[in-house]
Amino acid sequence: RRQVLEASQRLTEIINSETNSESPEPSGEAEPADDEESGLHCLWVDKFTPRRYMELLSDDYTNRCLLKWLKLWDTVVFGKDKVVKKAKASAETHPPFNQPKEQQNKWKTKVQLTEEILEAELDQHKRPKYKVALLCGPPGLGKTTLAHVIAKHAGYNAVEMNASDDRSPEVFKTRIEAATQMKSVLGANEKPNCLIIDEIDGAPAASINMLLNIINRKDVDGEAAAGTGRRRRREGGLLLRPIICICNDQ
C-alpha cells in the first residue's frame, strides 16, 4: 500500500510539472487560465465525455435508431419533408425462395423490424407514430450522454429534468408542457427543445399517467377538431416536441 501511495504521489507531481511547463506565457487574457484551472479540477468523466456523435462509444445500432427516430420530428419541428426511400423492385417482384408474406415476416431480423417501425407513416399532424423514446440500462452505460449528444446532433436544445425529483404530478405536468410547448423568448434563432426525462422509473404512477395523457389525449382532441371542421392543430394542446425517457429498470 505504501508503494502504491508513493507511485501515485510521483505520478501526480509529474503531471503537475508537465502541465505547468506546457502552460502558455501570460498574454493578458484571463479566459485561457480559467479554462486550464477548470480543466485541472474537473472529473475525467466530464473532461472526456463525448461531445459529438462520432465520439460515442455506446452501441452503434442504438445510436442510429435513436437518431433516426429523432429525425422523424423534422417535419413538424423544422418544417422539413420526410425523405421517402424508393422500394427495391427486385425484392418485391422476386421474393426469396418464393415464400409467402407471413413466412418472410417471420424470419426478419431485429434490425429489419426496427427499420420498418421507424419508417412508418407519420400521423395527421406530421408527427412520428411513437412520441416517446425509452433508453434503459444499468447506471454508467452512457444513456444520458447519448440523449444529449443525439439531441444536439439533430439540432435541438436538450432540456433535462429528473422525474424522481418532481414528486407532484402538477409540477411534473407544468415542466413537461413548458419544455415541449412554450416557445423560447431568447431569440428568433433559438433551437427547439428536446425534453430528456431522467430516472423515469422513480416517478410516481400519477406522473406517468399525466405523461400518457399528454401523449394520447391530445391525439383524440385533434381528431375531434378535424371532424368538426376546426383547426386541426392546437398549439396549446398537441405534443410538438420529442421526449426521451431514461430508466435503469425497464
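Student: What covers the buried residues of α4 in this model?

Tutor: In this predicted model, the cover over the buried residues of α4 includes α5, α8 (110–118), β1, α9, β3 and β4. The buried residues themselves are Tyr-61, Asn-63, Cys-65, Leu-66, Leu-67, Trp-69 and Leu-70.

Student: How do you know that the span of α4 agrees with what its 12 residues should give?

Tutor: At 1.5 Å a residue the 12 residues should span 16 Å, and because the end C-alpha atoms of α4 are 16 Å apart, the two values agree.

Student: What makes α4 stand out in the largest nonpolar core?

Tutor: That core has 27 residues, and those with the most contacts inside it are Leu-66, Trp-69, Leu-70, Leu-135, Ile-150, Tyr-156 and Ile-244. At least two residues each are supplied by α4 (60–71), α5 (74–77), β1 (132–136), α9, β3 (193–198) and β4 (243–247), and the largest share, six residues, comes from α4. Leu-70 illustrates this, for beyond its neighbours within four places in sequence it is in contact with Ile-150, Ala-151, Ala-154, Tyr-156, Cys-194 and Pro-242. A second, separate core has 16 residues, including Met-161, Phe-172, Ile-200 and Leu-239.

Student: Why is the pair Arg-64 and Asp-60 called a salt bridge?

Tutor: The cut-off is 4 Å between a side-chain nitrogen of Lys or Arg and a carboxyl oxygen of Asp or Glu, and the N to O distance for Arg-64 and Asp-60 is 3.0 Å, so the pair qualifies. Both residues lie in helix α4, four residues apart, which is about one turn of the helix. Arg-64 counts as partly exposed at 40% relative accessibility, and Asp-60 is partly exposed with a relative accessible area of 44%.

Student: How many salt bridges does the structure hold?

Tutor: The structure holds three. Another one joins Arg-52 and Glu-55, whose closest N and O atoms are 2.8 Å apart; Arg-52 counts as exposed at 55% relative accessibility, whereas Glu-55, at 31%, counts as partly exposed. The side chains of Asp-74 and Lys-71 also meet in a salt bridge, at 2.9 Å from N to O.

Student: What makes the buried residues of α10 line one face of the helix?

Tutor: The buried residues of α10 are Pro-169, Phe-172, Ile-176, Ala-179 and Thr-180. Seen down the axis of α10, these residues fall within an arc of 100°, so they line one face. The face turned away from that buried side carries the exposed residues Glu-170 and Thr-174.

Notes
Residues are numbered from 1 along each chain as its sequence is written. This is a predicted model: local features need pLDDT of at least 70, side-chain atom pairs count only at pLDDT 80 or more; totals for chains, interfaces and linings use all residues. Side-chain values use heavy atoms; hydrogens and water are left out. Buried means under 20% relative accessible area, exposed over 50%, partly exposed in between (1.4 Å probe, protein chains only). The arc is that of the directions from the helix axis to the C-beta atoms. A nonpolar core is a set of buried Ala, Val, Leu, Ile, Met, Phe, Trp, Tyr and Cys residues joined through side-chain atoms within 4.5 Å. Contact means heavy atoms within 4.5 Å. The expected span of a helix is 1.5 Å times one less than its number of residues.
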